[in-house]
Amino acid sequence: MRIGTRLTIILMLCVMPVIAAYSWWSVAQSNLYLNELRQSARAVSSGIAPSIDAEVIANEFDKIDDAFRKMDAEGTRSALLRKDGALWHALPGFPAELVDAARVQLAQSKPVEFGPTAGARNWFCELVPLKGAGGDVIGYLLEVQDWSKVARDSRAQMVASILVALSLLGIVAAVIPAMVYRYVSRPLADLSAKVTKFSASDSDKAAGSEVELLSAEFRKLDQQLSKARTDLEDRHRRELELERELQRADRLATIGALAAGLAHEIGTPMGVIRVRAESLQNDETMSPDSRTKLGIIVRQIDRITRIVRMLLDYARKSESHKSICDLRTVAERALTLLEPEAAHRGVRTIARLGDSPLMVNCDADQLEQVFVNMIMNAFDAMNRSGGTLRVTANSEKNSGGSRVTIAFEDTGAGVAPEHEKSLFAPFFTTKEPGKGTGMGLAVSQSIVREHDGEITFSSAPSGSKFVVAIPMASGEIVEHERGPRQQQRA
């Protein structure tokens, strides 16, 4: 059964007792009016009966006639009946059928109040016993009132009450279904139709009320949403893994670009080691000069070890882990890692990192990768004739709070205006084929955004300037060694 039909039946069952109670009250009001008339008639009979007793005993029928005329003028007609119910005395024109009805009542010992219908009239009759001097009943006073109009009014009121009740019932029977259809059935039907559109098929629609149908459909939607959420989480997990792989691939590409410079750095010290070793083989004793040569060899080996270790640390795969660290330290590590490449390309680097710690909540390895990308791009921009790279660190305040900025400014050819909009797009590169993947700036932008920061740039024919901005860590007090961090590398 539909929910609208159920609701209509429930509302009708709730309203019908109210209408029935109203009808009963209307009939009760009519009966109350009749009871008041009866009580009034009884009061009149009780008041006049003692005087009639005395006048009957004294045979003063003239006075009785006068009393009967007065009562007749007030709407009550009277007559005297003997003990057997026969007419004893009455004014002319007293209805004989009422006397016969009274005789029947007395013969059957029925109540002294009765309401016979004579012709088109309705009467209210009351028999009051008349007692003699010894207290014996000597006859009866019959008082009658014409209640034809009262009966008609009572019937009319009852009919009106019934008609009103039926009218109310009809209105309710028409209004309730219409309201239920408009505000319950139709909205539920529309909602059911919209919900079922999301179902996998229309052939398995649940039978029953709209609520049962909606419950079944919402259960299906819950299952579908749960599955979609699981799929989305899996897809997001795969995207994170892919992004990590892209970051690693970008690191490996950077390492490939560093390979030539690294080979140069390794080749020269190894040559020195070989020459020094040959000279040591010809020495018969360890002279001070030999010790000096050996010291040179050890220093060159240490330099090779340091460069290789930094390169391996940069290339290793690591999980993202944020902590509070000094951004100047991260920039120095990137500059130190690329120091051989700068020397190989004839680029002079000037680092002005300031004296105060620049603390940020970051993944130091990821930001190091960003700084390496910035520096390598600057080297590529100055590849033809060398140049100067300036790295400047500052802290600044804006409406969103304090932040740290690291600026990389080169003296290269700059970025062409037609390339500015596509500069951070994946796989976009202006380098020669085989010398760039176009993922460096895209990956760097992604990493910086994960740190709630941004990368901006400005370019001119005399060079480009890239600025990496990261929010400064708040409420952190970390002890750092202070001292000027202004370095110049050539």
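The model is predicted.

- In soluble globular proteins, nonpolar side chains tend to be buried together.
- F408 shows how parts of the chain meet: leaving aside residues up to four places away in sequence, F408 touches F371, M374, I375, L389, R390, V391, S464, K465, F466 and V468.

**Helix α10**

- Helix α10 is largely enclosed by the rest of the structure, because 8 of its 11 residues are buried.
- The buried residues of α10 are G440, L441, A442, V443, S444, Q445, I447 and V448.
- Just after α10, D452 adopts a positive phi of about 60°.

**Nonpolar surface patch**

- Helices α1 (3–57) and α4 (148–196) each contribute at least two residues to the patch.
- Helix α4 gives the most to the patch, namely 6 residues.
- L168 counts as partly exposed because its relative accessibility is 37%, which falls between the limits of 20% and 50%.

- Side chains of opposite charge can pair when their charged atoms come close.
- D100 and R103 form a salt bridge in which the closest N and O atoms are 3.0 Å apart.
- D100 and R103 are 3 residues apart in helix α3 (residues 96–107), so about one helical turn separates them.
- An α-helix has 3.6 residues a turn, so residues three or four places apart point the same way.
- Both partners are partly exposed: D100 has a relative accessible area of 40%, and R103 has a relative accessibility of 32%.
- The side chains of R345 and E341 likewise meet in a salt bridge, at 2.7 Å from N to O.
- Both of these residues, R345 and E341, belong to helix α8 (residues 339–345) and are 4 residues apart, about one turn of the helix.
- R345 and E341 are both buried.

**A salt bridge between distant parts of the chain**

- R333 and D365 form a salt bridge through their side chains, at 3.5 Å from N to O.
- This pair links distant parts of the chain, with R333 in helix α7 and D365 in helix α9, 32 residues apart.
- R333 is partly exposed, at 34% relative accessibility.
- D365 is classed as buried because its relative accessible area of 17% is under 20%.
- R333, D365 and E368 are joined in a network of salt bridges.

**Strand β6 and its partners**

- Strand β6 (residues 137–146) is mostly covered, as 7 of its 10 residues are buried.
- Strand β1 (residues 76–81) runs antiparallel to β6, and 6 bridges join the two.
- In β1, S78 stands opposite E143 of β6.
- Strand β5 (residues 121–131) also runs antiparallel to β6, joined to that strand by 9 bridges.
- In β5, F124 stands opposite Q145 of β6.
- Strands β5 and β6 form a hairpin with 5 residues between the strands, and G135 in this hairpin takes a positive phi near 90°.

Key: Residues numbered from 1 in each chain as written. Predicted model: local features only at pLDDT ≥ 70, side-chain atom pairs only at ≥ 80, totals over all residues. Heavy atoms only, no water. Contact = heavy atoms within 4.5 Å. Buried < 20%, exposed > 50% of the residue type's maximum accessible area, 1.4 Å probe, protein only. Salt bridge = Lys/Arg side-chain N within 4 Å of Asp/Glu carboxyl O. Pairing = 2+ DSSP bridges.
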